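I opened a new structure today and kept notes as I went. These are my entries, in the order I looked things up.

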Amino acid sequence: MKNDRLLSLDVLRGVDLFMLVALQPVLRGILLTIDNETLNSTLLYHLDHAQWEGFRAWDLVMPLFLFMSGVTMPFSLPKYLKQNSNLAMWKRVLKRFAILFALGILVQGNVLSLNPDAVYLYSNTLQAIATGYLLAVPLTLYLKPGWQVVAIAALLITYTIPMTLWGDWSPQGNFACEVDKLILGRFRDQSQIAPDGSVIFAPWYDYTWVWSSLTFCCTVAMGSLAGHIIKRGNDNRQETALLLLATGTALVVAGLLWDCWQPMIKRVWNGSMTIYSGGLCYLLLALFYWWIDVKGHRKGWEWLLYYGCNAITAYLIGEIINFRSIAQSLLHGTAQYIGNEWYSVLLTIANSLILFFILRLLYKHKIFLKV
């Protein structure tokens with residue numbers, strides 16, 4: 001690859017983080033305040049996750065985050081291994097895994113309670129990225145692309161067999177849920193300790209993590225394969241964009257066909273959802289790669305780079321810090337003019353703007369959090 005950074009990837013990552021920490025909270029607040037039946041059944045519907053089966057636009061945000069973490073792997077890992085020993089490389093991989101996993105615990109916001117019962121071990125996007133990345137590293141380093149495809153297929157089959165044979169596909173009756181309860185126990189998200197010492201699992205919490213790590217790996221590995229395509233096709237970027245497009249189309253079709261047998265369920269990250277969302281990620285990458293890196297439309301994207309080049313920072317600040325108190329101190333009194341509902345929307349907009357200017361300041365001073 002050329003020395004210049006793959007701008008399309010940074011922009012796409014910026015779109016994903018902008019959606020997560022800015023656009024969705026603001027747009028959702030506006031739509032809830034307007035309360036229009038047509039808008040609620042279309043836009044608002046797709047600004048939330050599917051309750052169980054099905055796939056909405058908002059369900060793509062997390063898979064895209066994982067996918068893009070894999071795209072850079074064929075560039076960064078072999079380069080580092082070429083300059084360092086295998087042991088040093090794995091120390092670096094494990095360090096990155098540990099930091100991301102610890103940051104994931106920090107995002108929960110319960111660490112300062114100093115209460116082990118309030119800390120959950122495995123429950124968010126950063127930890128899914130950490131685990132998916134760790135499992136995808138050997139696929140990227142030690143397998144050729146063709147064998148990586150075989151490995152991804154094997155992981156999907158390994159995940160699917162017990163999910164099909166044991167338990168059912170209900171929120172609390174599926175195999176992945178039982179694995180989480182068995183392995184995480186009282187450290188499973190939303191669990192509590194009963195007076196007799198037993199663990200009480202929240203009946204409404206239906207996200208799974210431990211067994212779903214296999215399919216997290218598949219999403220990251222599909223991103224790694226996309227990185228291979230871009231790296232090998234740098235001399236003919238037009239053809240590379242077409243190959244990304246064709247791969248994405250094939251995966252979307254395969255995911256829809258699988259959905260006829262096993263409906264997509266993001267909360268357990270099942271096979272049909274993994275393949276379908278991976279296909280959509282390929283299509284988005286193909287579009288952005290073609291428009292920016294092939295056609296050379298490189299102007300006007302800088303504001304998205306504030307998010308894309310500091311994605312972890314944007315995620316951490318967006319999830320941990322609420323700037324609404326600052327906005328309230330500045331905008332106090334305006335509620336009497338616009339009403340409480342629109343005042344809440346105004347605070348959300350202000351919160352997003354404060355985060356935007358923090359990220360802009362970091363970008364302008366070339367301050368980036370790298371893990």
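Rings first: I pair the rings of Phe, Tyr and Trp (its six-membered ring) if their centres lie within 6.5 Å, and I call planes under 30 degrees apart stacked, over 60 edge-to-face and the rest tilted. That rule gives 23 aromatic pairs. I looked up F18 and Y307: their ring centres are 5.5 Å apart and their planes stand at 65 degrees, so I noted the pair as edge-to-face. The two residues are 289 apart in the chain, with F18 in helix 1 and Y307 in helix 12 (residues 302-308), so this pair links distant parts of the chain. I take helices (H or I, at least four residues) and strands (E, at least two) as DSSP runs, numbered from the N terminus.

Before going on, I noted the ground rules. This is a predicted model, where local features need pLDDT of at least 70 and side-chain atom pairs count only at pLDDT 80 or more, while totals for chains, interfaces and linings use all residues. Residues are numbered from 1 along each chain as its sequence is written, and side-chain values use heavy atoms, with hydrogens and water left out.

Is Y307 buried or exposed? I call a residue buried under 20% relative accessible area, exposed over 50% and partly exposed in between (1.4 Å probe, protein chains only). Y307 has a relative accessible area of 2%, so I wrote it down as buried.

Next I checked Y363 and F368, an edge-to-face aromatic pair with 6.1 Å from centre to centre and 75 degrees between the planes. Y363 is buried at 19%, whereas F368 is partly exposed at 32%. I also found a cluster linked by ring pairs, which includes F97, F101, W204 and W269.

Then I looked for charges over rings (NZ of Lys or CZ of Arg within 6 Å of the ring centre and within 35 degrees of the ring normal). R92 has its charged end over the ring of Y80, 4.3 Å from the centre. R96 lies over the face of Y133, 4.4 Å from the ring centre.

Salt bridges came next. Side chains of opposite charge can pair when their charged atoms come close. I count a salt bridge when a side-chain nitrogen of Lys or Arg is within 4 Å of a carboxyl oxygen of Asp or Glu, and that makes four of them.

- D10 bridges to R13, with the closest N and O atoms 2.9 Å apart. Both lie in helix 1, three residues apart, or about one turn of the helix. D10 is buried at 3%, and R13 is buried at 11%.
- R267 bridges to D206, with closest N and O atoms 3.0 Å apart. These two are 61 residues apart, R267 in the loop between helix 10 (237-259) and helix 11 (271-294), D206 in the loop between strand 2 (199-200) and helix 9 (213-232). I found both R267 and D206 buried.
- D293 bridges to R298, the closest N and O atoms being 2.8 Å apart. D293 is buried at 7%, but R298 is partly exposed at 36%.

Last, I went back to helix 1. Where does helix 1 bend? Helix 1 (residues 7-34) bends by about 50 degrees at M19, taking the bend as the angle between axes fitted to the seven residues ending there and the seven starting there. After helix 1 comes D35, with a positive phi near 55 degrees.
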